[in-house]
Structures are given as C-alpha cells and as structure tokens.
Amino acid sequence: MKIILKIQRFNPETDEEPYFQEYTLDADPNERLLDALMQVKRFQDGSLGFRKSCAHGVCGSDAMRINTKDGLACKTLVKEVVDKEGDTVVLEPLRYLPVRRDLIVDQSDFFNKYRSVKPYLINDEPVAEKERLQSQEERMQFDDTTNCILCASCYSACPVLADNTRFLGPAAIAQAYRFNADTRDRGFKVRLDVLDRADGVWPCQNHFKCTQACPRSILITKRINQTKRLIEKYRGKTKK
Ligand code: SF4
Ligand code: FES
C-alpha cells in the first residue's frame with residue numbers, strides 16, 4: 001500500500017525552526033512503522049535522524065509521537081495506524097525533551113529524574129545464607145513495573161509535564177514503586193525526599209495517559225497512586 005510519512009525534521013545546526021517533510025513509499029501493511037522509516041532512510045533520504053536498536057520492543061530507543069500518540073515505531077504495524085487514521089502518518093519526536101535532530105531527543109532530563117529515585121535494591125542487612133527470599137505473591141505486587149524499558153513514551157504522553165517540566169514523571173515514580181514495594185528493599189526513606197516534594201508524586205492528576213501509552217502494559221497510574229498512599233501512610237505514622 002502507498003503511505004505518506006509526514007516527519008518532523010530539525011537540524012539545530014542549520015534550521016531555525018522544526019518543519020515537516022513528507023515521504024511517499026510503498027509499505028507492506030504488516031510491516032512495522034520502523035521498517036517504513038528504515039526504507040525512507042535507505043532509499044530516499046539518508047539524512048533522516050531516528051534511534052533504533054533491537055527492533056523488537058526491548059531496547060526502548062525508537063519511542064516517538066505517532067499521529068500524536070506516543071509509542072514504539074517497532075511495535076506499531078503500518079496497518080494498525082493506516083486502517084484507523086488514514087494513509088498519512090505523522091511522526092514527531094517525544095515531547096518535553098530537547099530535540100537533538102529530527103526524531104532524536106536528548107533524554108538527559110528523563111534519565112536524571114529516573115536516577116534521582118535510586119531505582120535499585122537498597123538493603124544493608126546481612127544477606128541470608130542463600131538469597132533474600134520472596135514469595136510469588138509478594139513479587140506480584142510490583143511484577144509489571146519490572147518490564148519497563150525506559151522508552152519515555154509515558155513521559156511524553158503525560159499532560160502534567162506540559163505545564164510543569166520539573167514533575168518527576170510517570171516512569172521514575174513507577175520505578176520508585178518497583179523497589180518501594182519490594183519486600184527485600186529497605187530504601188523507602190532514602191527515596192522519600194525525592195517522591196514527597198512539590199514536584200515529586202503529587203502533581204499527578206490521574207489522566208491515565210501514561211498507562212495508555214506504555215508499550216509494556218505497566219499499570220503506571222495505579223503505581224503512582226499506590227506510591228502516594230505509601231507516603232501518606234508513612235507520614236501518618238510518623239506524626240503520631
Ligand atoms: S513505564 Fe512504560 S512507557 Fe514509561 S518508560 Fe517504562 S516502558 Fe516506557
Ligand atoms: S527498536 Fe528497540 S524498542 Fe523499538
């Protein structure tokens with residue numbers, strides 16, 4: 001089928017403003033949008049900038065805005081978009097992150113916020129003889145969050161960040177939850193300073209856009225709300 005990719009272009013060295021460029025190509029409806037992008041890059045315009053690596057929804061590098069919805073180009077079939085929304089597909093870089101070139105954004109803010117919640121197991125207690133045991137039920141309390149590939153689709157989909165770019169954002173909070181809810185972890189108080197501040201968890205208004213955008217079906221909004229409840233419970237206890 002003939003499709004048109006309408007792609008936002010921007011080269012900071014030569015362009016004052018971003019602009020759209022259209023590429024018409026033959027695409028198999030069962031191909032992924034990433035295949036279509038690679039076809040453009042190989043046969044029409046080698047200067048087009050986008051990130052990709054695994055091409056199988058694992059590395060998280062090809063997240064972008066696809067007809068104003070955030071997601072992975074390698075997990076989106078051409079027919080899924082074209083059947084519903086017409087043969088012109090608009091591709092833009094993720095929002096709230098500076099554009100380095102075309103569809104490539106500078107992810108530093110996203111990763112700095114992620115790192116700020118200390119997304120790793122904190123526990124200074126001596127390790128049991130074999131391992132730190134955990135039941136299947138305990139693991140299931142946060143299992144979905146372990147599937148995050150740090151693609152930043154949720155970050156770009158979040159309406160709160162439109163007005164407050166200091167907001168910690170959905171992925172960082174979900175990853176804080178991943179460890180706070182882990183029975184082996186003891187780092188809740190260490191993460192509290194970052195989570196329980198004006199730009200921490202509280203700006204979230206339950207839009208659910210992050211949850212809808214996540215290519216790994218992580219229950220992000222639920223995890224943010226659970227994090228708020230953990231903090232409230234802790235603060236309630238410490239006031240007594
Ligand atoms: S929570 Fe989902 S959308 Fe957000 S970074 Fe992780 S995988 Fe991507
Ligand atoms: S290229 Fe790795 S997730 Fe799409």
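Which strands does α1 lie across, and at about what angle does α1 run to β1? Here are some friendly notes that start from this point.

1. **Ground rules.** This is a predicted model, in which local features need pLDDT of at least 70 and side-chain atom pairs count only at pLDDT 80 or more, while totals for chains, interfaces and linings use all residues; side-chain values use heavy atoms, with hydrogens and water left out. Residues are numbered from 1 along each chain as its sequence is written, and chains are lettered from A and ligands numbered from 1 in the order in which they are written.

2. **Overall picture.** The protein chain holds 10 helices and seven strands (DSSP runs numbered from the N terminus, H or I with at least four residues for helices and E with at least two for strands). Its C-alpha atoms fill a box of roughly 65 × 40 × 30 Å along the principal axes. Of the 240 residues, 48% are buried (under 20% relative accessible area; exposed is over 50% and partly exposed lies in between, with a 1.4 Å probe and protein chains only). Among contacts with a separation of 6 or more, 65% come from residues 24 or more positions apart (contact means heavy atoms within 4.5 Å).

3. **The helix of the opening question.** α1 lies across β1, β2, β3 and β5, and runs at about 75° to β1 (axes are lines fitted to C-alpha atoms, for helices over the stretch in contact, and angles run from 0 to 180 degrees between N-to-C directions). Helix α1 covers residues 33-43, and its buried residues are Leu-33, Leu-34, Ala-36, Leu-37, Met-38 and Val-40. These buried residues pack against β1 (2-9), β2 (19-26), β3 (63-66), α2 (78-85) and β5 (88-92). As for α2, this helix lies across β1, β3, β4 and β5, at about 115° to β5.

4. **The sheet.** Five strands make an open sheet with the order β2-β1-β5-β3-β4 and mixed pairing (two strands pair if DSSP finds at least two bridges between them). At the edges are β2 and β4 (69-72), each of which pairs on one side only. From one strand to the next, the twist averages 35°. As background, strands of a sheet pair through backbone hydrogen bonds, in either a parallel or an antiparallel sense.

5. Four bridges join β3 and β4 in the antiparallel sense. Across this pairing, Ala-63 stands opposite Leu-72 in β4, and Arg-65 stands opposite Asp-70 in β4. Two residues lie between the strands of this hairpin, and Asn-67 in the turn has a positive phi of about 50°.

6. **Backbone points to check by eye.** Most residues other than glycine have a negative phi. Lys-118 has a positive phi, near 50°, and is not a glycine. Lys-118 sits in the loop between α3 (108-116) and α4 (136-140), and counts as partly exposed because its relative accessibility is 31%. Asn-206 also has a positive phi, of about 60°, without being a glycine. Asn-206 belongs to the loop between α8 (188-195) and α9 (209-213), and its relative accessible area of 33% makes it partly exposed.

7. Asn-30 lies in the loop between β2 and α1. With 48% relative accessibility, Asn-30 counts as partly exposed. Leaving aside residues up to four places away in sequence, Asn-30 touches Leu-77 and Lys-79. Asn-30 and Tyr-19 are 11 residues apart along the chain, and their C-alpha atoms are separated by 29 Å.

8. **Ligand 1.** How many residues surround ligand 1? The shell has 13 residues, and the closest are Cys-148, Cys-151, Ala-152, Cys-154 and Cys-214 (a residue is near a molecule if one of its heavy atoms lies within 4 Å of it). By class, the shell has 11 nonpolar residues, one polar and one charged (Ala, Val, Leu, Ile, Met, Phe, Trp, Tyr, Cys and Pro count as nonpolar, Asp, Glu, Lys and Arg as charged, and the others, Gly among them, as polar).

9. **Cysteines.** A search of the whole structure finds zero disulfides (pairs of cysteine sulfur atoms within 2.5 Å). Cys-158 is in no disulfide, and the nearest cysteine sulfur, that of Cys-210, is 6.6 Å away. Cys-158 counts as buried because its relative accessibility is 7%.
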